[in-house]
Amino acid sequence: MTRTRLVNYDVFTSRFQSDGTLALTFFRRFFFSMIGSCTCIHGDAAMQQRSSSAGPTLHFLLFVLAIAGISASVSVQASAQTPPSASSAESYILGPNDRIRLKVYGESDITGEYEIDNGGQVSIPLAGHIKAAGATTRQLEKAIASALAKGIVRDPRVNVEIAQYRPYYILGEVKKSGEYPYRNGLTVMDAVASAGGFTYRANESKVHLRRAGAGREEILPLDAPVPVFPGDNIRIPERYF
């Protein structure tokens, strides 16, 4: 009799969930070995009939699971390309038009709110012009403290927080295109609602989205929530039918 091949279900599941590509390879090896074992002839007519009937079923199952493995791999790649959320203040990358709240302990004349200019710099009393664009709040704290320490402030203790994120922009087939303040958790449909909704000419199935700092637009479907980040440019296209 043919020995039954056993598969550890936990290993099978964890490999599939951790990496679609690894899962796809695992499926191929396992099911091709199963197909090979089922096609063996042992002189028994019933066994031959069972083997021939199992072949198409296993081929079909292999096809379905291979597609699932590919989908998981694509999902992993897509999630890796997702931009970081603005809600994570410590990892957020500052840019022009972001507004920061600066506190220097014992220095009330310096403490206050400052906006990053179009050149990516912020002007701080006694510290001068500090490059802020491209830095996190923690990195900016160190830069400001270093600049203040070179002047009359001894051992400066600096804290930087985000007071207001830079705005996003929406144009195209919406009723009130323009610049809007950003808020955490914003989606394209939220932005459209803030802009008065779609016009009657709007293509409501997709959006052209250019992320802050990106050189080109992405075309994304609107059948699922599309997140918006500070500085993004949203364009709602026109439908042609």
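In the predicted model, L102 has G112 in β2 as its bridge partner. Strands β1 and β2 run antiparallel and are joined by 4 bridges; strands are DSSP runs of E with at least two residues, helices are runs of H or I with at least four, and both are numbered from the N terminus. An open sheet is formed by 3 strands in the order β2-β1-β5, with antiparallel pairing, where two strands pair if DSSP finds at least two bridges between them. From one strand to the next, the twist averages 30 degrees. Helix α4 (residues 137-149) packs on this sheet and touches β1 and β5, its direction making about 130 degrees with that of β5. Axes are lines fitted to C-alpha atoms, for helices over the stretch in contact, and angles run from 0 to 180 degrees between N-to-C directions; contact denotes heavy atoms within 4.5 Å.

Residues are numbered from 1 along each chain as its sequence is written. As the model is predicted, local features need pLDDT of at least 70 and side-chain atom pairs count only at pLDDT 80 or more, whereas totals for chains, interfaces and linings use all residues, and side-chain values use heavy atoms, with hydrogens and water left out.

The structure contains 3 aromatic pairs, defined for rings of Phe, Tyr and Trp (its six-membered ring) by centres within 6.5 Å, with planes under 30 degrees apart counted as stacked, over 60 as edge-to-face and the rest as tilted. Y92 and Y165 form an edge-to-face pair, at 4.9 Å centre to centre and 90 degrees between the planes. Because Y92 lies in the loop between α3 (45-80) and β1 (99-104) and Y165 in the loop between β5 (158-164) and β6 (168-172), the pair ties together parts that are 73 residues apart in sequence. Both Y92 and Y165 are buried (under 20% relative accessible area, 1.4 Å probe, protein chains only; exposed is over 50%, partly exposed in between). A stacked pair is formed by Y168 and Y180, at 6.0 Å centre to centre and 20 degrees between the planes. Y168 and Y180 are both buried.

Y92, Y165 and Y182 form one aromatic cluster. R166 is found in the loop between β5 and β6 and, at 14% relative accessibility, counts as buried. Leaving aside neighbours within four places in sequence, the contacts of R166 include Y92, D98 and Y182.
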